[in-house]
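Reader: I would like to learn how to read a model of this kind. Shall we take one feature at a time?

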Amino acid sequence: MGSGIFTQSTRVARWTAAGAAMVMAGVLAGCGSDGGSGGDGGTLTAYVYGDDAVKVQEAAVKEFNKTSKVKVKLIPVPGTEYVNKLRSAMGSPSAPDIFYNWGSGSIKPYRDAGQLVDLTSTVKNDATLKDGFLPSIIEAGSLDGKIYGVPMRGMQPVMLFYNKKLFAENKLEAPKTWEELQHAITTFKDKGITPFALGGQEKWPELMWLEYLLDRIGGPEVFNKIQSGDASAWADPAVLKSAQTVKELVDGGAFGKNFNSVDYGSGAAPTLLSKGKAAMHLMGSWEYSTQLGKAPEFAKNDLAWANFPTVAGGVGDPANVVGNPTNYWSINSRTKHKEEAIAFLKTMASKSYAQALVDNGDVPTTSNASAMLSGSPNPQFAKDQYDMVQKAPSFTLSWDQALESDVATPLLTEISKLFAGKSTPEQFVAAMKAVK
């Protein structure tokens, strides 16, 4: 398995976070920092998702603590426990001062409970923060136009991966339009090759299809309304058209016959791609490191990637991206050391921190990152990914992260039913409109 943000554990965190309930356990009584602990200046506790990539944050803390009187104490929490442990801690007197999150819906309960520092004016009035990150990344982690987080890990867009060898053998190029995609599907089906690998045993890989289809058909505004709490937006014609397109793909054999028994976690779906049994795979950018770990020769020689194609009649910009923009640090409003916490967050925009992310196989979200990517494990993949995100007019956060769990959990259930043929597109729309 490749190192860095695109590891299996990070992918698990992406959907585990959405599945966990984010209801406040109680109002914060006091912060975990103690003015008299950790030396003369006090301590800032920082919760971080505990995976292979945490070594980058550990090094950053060590560097910050060399010159700061207030010391940061990093607390890595195992991935499977992270969301629940954070929720419990935020409802207790020992809440962290700083904590890792996915932005947007993942922090909304804390924002609603008045537990977050509004960083909007701080970012806009500080040149390091204002100019330090790609605007689409900052926006994707915001809520109602206000900034509550500073990017602290690599970008994770969803990309269309494909088997370069199979495409060359069948005289095909990466599909840029829906017509080209349908032609590729027909071509591969006729050769007995499954057009798309899909880990349908898990629900989140199916979600990626609806995310991109709705963006391409209706533009990002439709989901923006849903995310803002307007359940009537599920009735937008673009949602129904997206669900109908999913049904057409399933009925047309785009995912083969057994996708509901294929998973991603064990590597089954990626293996279909690397073994040439499937031609394409719509997946987060961590697919590259997954392939590098499981099928290194395929990753180096025959794995290729492209943007999701346009859909005829759709109004969405073909440069729009969906996925996980990055992860963020947010600050607890009850911290006793707000200025020092902000000072620590500013180090995330430094060149040395961005370089540490690159060395770890990540693609930083800093505006100066492009010049560093030549040192990445795969410079071309890193550059293409960076360019894709930098040029994106809109970067929609994965729906199961953008929405609170009382909507995200039934959404995943209904998407699974749609793909399995257990509900119609119309029933999918009706079910989501009914979710309160």
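Reader: Over which residues does pLDDT stay under 50, and how many contacts beyond four places in sequence does the model have for them?

Author: First, the general idea: pLDDT is the predictor's confidence in each residue, from 0 to 100. Contact means heavy atoms within 4.5 Å. Here pLDDT stays under 50 over residues 1-30, and the model has 108 contacts beyond four places in sequence for them. Residues 33-39 are also below 50, with 20 contacts beyond near neighbours in sequence. The mean pLDDT of the chain is 89, and 91% of its residues reach 70 or more.

Reader: What ground rules apply?

Author: This is a predicted model: local features need pLDDT of at least 70, side-chain atom pairs count only at pLDDT 80 or more, and totals for chains, interfaces and linings use all residues. Residues are numbered from 1 along each chain as its sequence is written, and side-chain values use heavy atoms, with hydrogens and water left out.

Reader: What radius of gyration does the chain have?

Author: The radius is taken over C-alpha atoms, and the globule rule is 2.2 Å times the number of residues to the power 0.38. For 436 residues, a compact globule would have a radius near 22 Å; the chain has 21 Å, which agrees. Its C-alpha atoms fill a box of roughly 70 × 50 × 35 Å along the principal axes.

Reader: What share of the residues counts as buried?

Author: Buried means under 20% relative accessible area, exposed over 50%, partly exposed in between (1.4 Å probe, protein chains only). In this chain, 59% of the 436 residues count as buried.

Reader: Which helix holds V250, and what does V250 touch?

Author: Helices (H or I, at least four residues) and strands (E, at least two) are DSSP runs, numbered from the N terminus. V250 is in helix α12, residues 237-251. V250 counts as buried because its relative accessibility is 17%. Leaving aside neighbours within four places in sequence, V250 contacts F255, F259 and F419. V250 and F419 are 169 residues apart in sequence, yet 6.7 Å apart in space, C-alpha to C-alpha.

Reader: Is S104 buried or exposed?

Author: S104 counts as buried, at 1% relative accessibility. D144 also has a positive phi near 50°, in the loop between α7 (135-140) and β4 (150-151). D144 counts as exposed, at 63% relative accessibility.
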